[in-house]
Structures are given as structure tokens and as C-alpha cells.
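Biologist: I would like to learn how to read a structure file. Could you take me through one, feature by feature?

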Amino acid sequence: MFRLFILAIALAIASGQARAQFQTRFQTDPPPDLQRWADMLRKSNMPKSTAFLLNRIAAIPRPVMVSFKSCGHVNAQYDPGNDELTFCYELFSDLGERITQKAREGRATPEQTAAALGGAIWFILYHEVGHALFHQLNVPLLGREEDSADQLAVWLAIHRPPPGLDDGVIGALSFFATGSPLSWDRLGDEHALDQQRLQNVACWAYGADPVRFGWLPALVNLPEHRQGRCATEWKKIDDAVPRLLGRALKQPAGRT
Ligand SMILES: [Zn+2]
């Protein structure tokens with residue numbers, strides 16, 4: 001009888017672990033002005049592929065729901081109280097407008113514009129996944145969590161890019177390119193200024209691969225003295241992420 005009891009507990013734990021994954025859902029009937037984003041998600045199968053990709057990156061102790069929905073405001077956030085990551089349709093819409101405008105100014109092709117938008121969406125998602133992993137895995141942090149989430153997002157964009165989207169880093173640049181107006185509120189915010197996040201992301205990507213991203217420092221006016229530090233900054237991130245995520249970090253597909 002005792003053995004059956006132990007077996008029942010083991011099965012309960014095993015089934016709990018099996019359910020402890022990233023799951024996704026999306027609102028199919030948002031307000032009419034956001035319907036195109038719900039349709040885009042449905043056609044692209046993005047919610048399903050997002051869950052598949054995230055579950056290949058990390059094992060988590062509790063299920064995390066990734067929700068795509070209308071929030072009434074522009075935002076993406078991870079809510080530790082509910083183990084829920086929300087990506088608002090309003091943010092899709094805002095990104096779409098901002099990146100299309102930038103692309104028009106830069107005479108980008110429709111393909112380049114779509115890649116920048118896709119990259120920005122994935123970078124933001126990876127940033128929020130960073131918050132989720134820090135919370136789920138109880139990762140110790142020093143410094144601003146927002147900076148750490150950007151570091152993890154760049155690490156994921158470099159090492160675990162979504163299929164068909166090699167340049168999540170470039171998407172992040174288009175997201176931050178608008179810049180933050182200087183104010184005491186912005187200076188005291190938990191996020192670095194967009195201009196700083198822009199240069200950070202460019203620096204870390206350049207540090208990771210100075211050949212592939214050799215053009216980035218000039219694009220974002222990265223100061224020369226910082227360029228010389230980028231390889232070291234990236235190495236610290238590249239060393240820290242696997243150590244901080246530990247056994248929860250899964251090996252990339254194809255490796256054992
Ligand atoms: Zn954040």
C-alpha cells in the first residue's frame with residue numbers, strides 16, 4: 001500500500017512537471033482596429049510556434065501562460081503573481097506604425113520592414129521571457145532587472161533565434177530607435193533610456209560577432225571607447241546566462 005502511495009505521488013509530480021511549460025493563447029475577437037493582429041497571429045501560427053520554441057529553451061517549475069490580447073494600452077509585461085506574460089495587441093499596432101514610419105524614412109523594402117517588425121516583436125517577447133525566467137527560477141540579480149532582461153534577450157536572439165528570423169537584434173534596434181525624451185521621470189525609470197538600450201544591444205551583438213555585426217557601432221554612434229569593451233561585456237553575458245539558468249537551460253536542438 002505504501003508503495004502505491006509513493007507511486008501515486010511520483011506520478012502526480014511527473015504530470016505536474018509535464019504541465020509546467022510555456023503555454024500560449026490569443027484573443028480572437030479584439031476591438032475592430034486590432035483585429036488584423038489577431039488574424040496575423042492565427043495565420044502565422046505564432047502562438048503555437050512561440051510555445052514550442054520557449055519550451056525548447058528552458059524548463060520551468062510552474063506553467064507560464066503567454067497571452068496575446070487587447071489590453072486597452074500599449075504594453076508587454078510579465079506578471080509574477082499570475083505566472084502570466086502578456087503581449088498586448090496595442091503594442092503590435094504601435095510597433096507596426098513606428099517601424100513602418102522609420103522604414104519609409106530609410107527607404108527600406110517591404111521585406112526589410114517585415115523582418116524589423118518580426119525582430120522587434122521577438123526581442124520584446126524574449127525580454128519578457130527573461131523576467132519570467134528570473135522569477136520562475138529564482139535567479140539572483142544585481143543591478144537593474146530591466147538591464148538583465150535586455151542582456152538575456154540579446155543572448156537568446158544570438159543563440160536561440162526564432163526559426164526564419166536571424167536578426168532579432170536588429171529588430172530591437174528599430175524598437176529603441178525612436179529614443180526617449182530626457183526628463184527626471186525617464187532618468188529615474190527602472191528602464192535605461194531607449195538611446196542607452198539601443199547602444200547596449202548594438203554593443204553586445206557586436207561583441208558577440210564583430211564580423212556579422214561590424215556595421216552596428218557606426219549605425220548607433222557607439223563611442224569608440226565603448227566599442228573596445230563590447231567583446232568583454234558580451235563574454236560576461238555569455239558566461240553568466242548558462243550559469244544563472246543552470247540545469248533549466250536546455251541544450252539547443254541537435255546537440256546533446
Ligand atoms: Zn522589462
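This is a predicted model: local features need pLDDT of at least 70, side-chain atom pairs count only at pLDDT 80 or more; totals for chains, interfaces and linings use all residues.

Biologist: How many helices and strands does the chain have?

Modeller: Helices (H or I, at least four residues) and strands (E, at least two) are DSSP runs, numbered from the N terminus. Here the chain has twelve helices and four strands.

Biologist: What share of the residues is buried?

Modeller: Buried means under 20% relative accessible area, exposed means over 50%, and partly exposed lies in between, using a 1.4 Å probe and protein chains only. Of the 256 residues in this chain, 44% are buried. The accessible surface, from the Shrake-Rupley method with a 1.4 Å probe, is about 14100 Å² for the chain, and 55% of that belongs to carbon and sulfur atoms.

Biologist: How many disulfides does a search of the whole structure find?

Modeller: A disulfide is a covalent bond between the sulfur atoms of two cysteines. The search takes a pair of cysteine sulfur atoms within 2.5 Å, and it finds two disulfides in the whole structure. One is formed by C71 and C88, with sulfur atoms 2.0 Å apart. This pair links distant parts of the chain, 17 residues apart: C71 is in the loop between strand 2 (64-69) and strand 3 (76-79), and C88 is in strand 4 (residues 84-88). C71 is partly exposed at 24% relative accessible area, whereas C88 is buried at 2%.

Biologist: Which cysteine is joined to C203?

Modeller: C203 is joined to C230, S to S 2.1 Å. That pair also links distant parts of the chain, with C203 in helix 9 (residues 194-208) and C230 in helix 12 (residues 230-245), 27 residues apart. C203 is buried, with a relative accessible area of 0%, and C230 is buried with a value of 0%. The angle about the S-S bond is -120°, a left-handed link. For C71 and C88 the angle is -95°, and that link is left-handed. Counting bonded cysteines along the chain, the pattern is 1-2, 3-4.

Biologist: Which residues are the protein donors of the zinc ion?

Modeller: Donors are N, O and S atoms within 2.8 Å of the metal (3.2 Å for Na, K and Ca); water is not among the atoms, so sites may look incomplete. In this model the protein donors are H127 (NE2), H131 (NE2) and E146 (OE), 2.0 to 2.1 Å from the zinc ion. Because H131 lies in helix 5 and E146 in helix 6 (residues 145-159), the pair ties together parts 15 residues apart in sequence. Both H131 and E146 are buried. Along the chain the donor spacing is H-x3-H-x14-E.

Biologist: Is L133 buried or exposed, by its relative accessibility?

Modeller: L133 counts as buried, at 0% relative accessibility, and is found in helix 5 (residues 110-136). A contact means heavy atoms within 4.5 Å. Leaving out residues up to four places away in sequence, L133 touches F22, A58, I60, N138, V139, L152 and L245. L133 and L245 are 112 residues apart in sequence, but 7.9 Å apart in space, C-alpha to C-alpha. Across the chain, among contacts between residues at least 6 apart in sequence, 64% join residues at least 24 apart.

Terms used: Residues are numbered from 1 along each chain as its sequence is written. Side-chain values use heavy atoms; hydrogens and water are left out.
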